[in-house]
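Please read the following account of pockets and helix packing with the structure at hand.

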Amino acid sequence: MPESKKSRLTLAIVLAYIPLALCYLLYSGQLGAADWRTASREPVGLAPDPATTREAVVQVYSARAVSWRGWFGVHTWVAVKPTGAHQFTVHEVIGWRLRGAGNVVVASSRAPDSRWYGAKPELLADVRGPGVDALITRIEAAVKEYPYPDRYHVWPGPNSNTFTAFILRKVAELRADMPPTAIGKDYPGWRSVNRTPSGTGGQASLFGLVGVSAGVEEGLEVNVLALNFGIDPKSLSIKLPIVGRLGPKRDDTPVRIE
């Protein structure tokens, strides 16, 4: 096939895919509220009650981002509860804080499974047990080591997904597979070769704009302009920009670490 025809075919596929993907997302129920000021922040029942759960817990979540950003990507965060603690601590990056506080890294006691301005969260990892306290110590250390506390860019990063991916690489026992819509997860800064966020594979990336990765949890992913395409044989799913992951429901059973 001549190059000109290949180019036209590629353009036609892209132009057809975008409206179909946006329509799917519109009717999927993933998007948040139209007005963030009145949007629900209520928990959805994915996190254990700290009042009745004494053991240590770490959970990782994603939810569609606020306003127009939610059409293309998600916001992610990490929640920790040491043994005997009466509340969770949620670690995340919030971009608008840069203007006021000069630091985008936030630690709060909000419910870990609360809606992100109306968008229902998805549980990416859930580990519990006596061995989790040691992981929490390493997570807290990784939060302090995050290299971009005074920088934030929706595209291609660093952003909230860059932060979560940084923590996951430091604590590979979480084995979390971040969604293909987590724009910024592949942002490496000046480091072009790294582990995948799950710690189960490797990736090569040029400033988060172009790259490829392969891992046990992620499968095979190709990054083009921070938009990820991939296949995941382990979960029998495909990964697409805008749409996200298409496949069987994730296994939300907590993993025990003794």
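How many nonpolar, polar and charged residues does the lining of the largest pocket have? This is a predicted model, in which local features need pLDDT of at least 70 and side-chain atom pairs count only at pLDDT 80 or more, while totals for chains, interfaces and linings use all residues. Residues are numbered from 1 along each chain as its sequence is written, and side-chain values use heavy atoms, with hydrogens and water left out.

The lining of the largest pocket has ten nonpolar, seven polar and seven charged residues, where Ala, Val, Leu, Ile, Met, Phe, Trp, Tyr, Cys and Pro count as nonpolar, Asp, Glu, Lys and Arg as charged, and the others, Gly among them, as polar. On a 1 Å grid over the protein atoms alone, a pocket is an open set of points where a 1.4 Å probe fits, with protein on both sides within 12 Å along at least five of seven lines, and lining residues have an atom within 4 Å of a point. The space in the largest pocket is about 700 Å³, and of its 24 lining residues, Gln30, Lys120, Pro121, Glu122 and Arg250 are the closest to its centre.

The second largest pocket, with a volume of about 590 Å³, is lined by 23 residues, and those nearest its centre are Ala65, Val66, Arg69, Tyr152 and Val154. By class, this second lining has 15 nonpolar, six polar and two charged residues.

Turning to helix packing, Arg138, Ile139, Ala142, Val143 and Glu145 in H3 meet Phe163, Phe166, Ile167 and Lys170 in H4, contact meaning heavy atoms within 4.5 Å. By class, this contact of H3 with H4 has six nonpolar, no polar and three charged residues.

Definitions and conventions. Points joined across faces, edges and corners; volume = space filled by probe spheres on them. Helix = DSSP H or I, 4+ residues; strand = E, 2+ residues; numbered from the N terminus.
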